[in-house]
Amino acid sequence: MTNNYWLLKSEPDTFGIEDLAAAPKRTTRWDGVRNFQARNMLRDSIAKGDRAFFYHSSCEIPGIAGIVRIAKAGYPDPSAFDPKNHYYDPDSAKYGADAPRWYALDVTLERKFKRVIRLDELRAHAGAALADLVILRRGNRLSVTPVSKKEWDFVLTLE
DNA sequence: GCCAACGTTGGC
DNA sequence: GCCAACGTTGGC
């Protein structure tokens, strides 16, 4: 499966769009994904040059804060091999260098929205234009989800 | 802080 | 391979 548009979740208390704006070259490593479904997308589907919504989760105003571009496609996540890292995975090593368990991306901030497009605004369109938006589905917890071109374009009209 | 939803683990 | 227990996510 390939797709050109995605949505990436981040907790702004840990790393928000302001942090990305302040990062060198407005670029950061997107690491620490420890879910197999999300991992598969990082590894197999997300390509350099694809774009993604930067979504703020677990915060006062959940919603889409801006757009990032994939600066580097999926590569083995170094944090999985670093015992001092919060995301260290002791089982990772046994998968071997040719079949890493976890993957990371590099993303560059393309632009911050003038305002956050809030989750409740997105949900207001769940009966129509955004009926299939994955993050609006019940119980969805994936930190990486695909977005269709139709959904992408529609969200941009909400800004 | 609560709790629903869901993924992962491990005993059997 | 089943499934209970456990951990995590994330909105509220």
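Mentor: Helices (H or I, at least four residues) and strands (E, at least two) are DSSP runs, numbered from the N terminus. The model discussed here is predicted: local features need pLDDT of at least 70, side-chain atom pairs count only at pLDDT 80 or more, and totals for chains, interfaces and linings use all residues. Residues are numbered from 1 along each chain as written, chains are lettered from A and ligands numbered from 1 in written order, and side-chain values use heavy atoms, without hydrogens or water.

Trainee: Which element supplies the largest share of the lining of the largest pocket?

Mentor: Strand E2 (27-30) does, with three residues. A pocket is an open set of points on a 1 Å grid where a 1.4 Å probe fits, with protein on both sides within 12 Å along at least five of seven lines; lining residues have an atom within 4 Å of a point. Eighteen residues meet that test here, and Lys9, Ser10, Trp30, Asp31 and Tyr87 lie nearest the centre.

Trainee: Why does Glu11 count as partly exposed?

Mentor: Its relative accessibility is 39%, and buried means under 20%, exposed over 50%, partly exposed in between (1.4 Å probe, protein chains only). Glu11 sits in the loop between strand E1 (5-10) and helix H1 (12-15). Beyond its neighbours within four places in sequence, Glu11 is in contact (heavy atoms within 4.5 Å) with Gly16, Ser57 and Ser58.

Trainee: What makes E1 and E6 a pair?

Mentor: Pairing requires at least two DSSP bridges; E1 and E6 share three, in the antiparallel sense. Leu7 stands opposite Thr145 in E6. The open sheet has six strands, ordered E2-E5-E4-E3-E1-E6, with mixed pairing. E2 and E6 (144-146) are its edge strands, each pairing on one side only.
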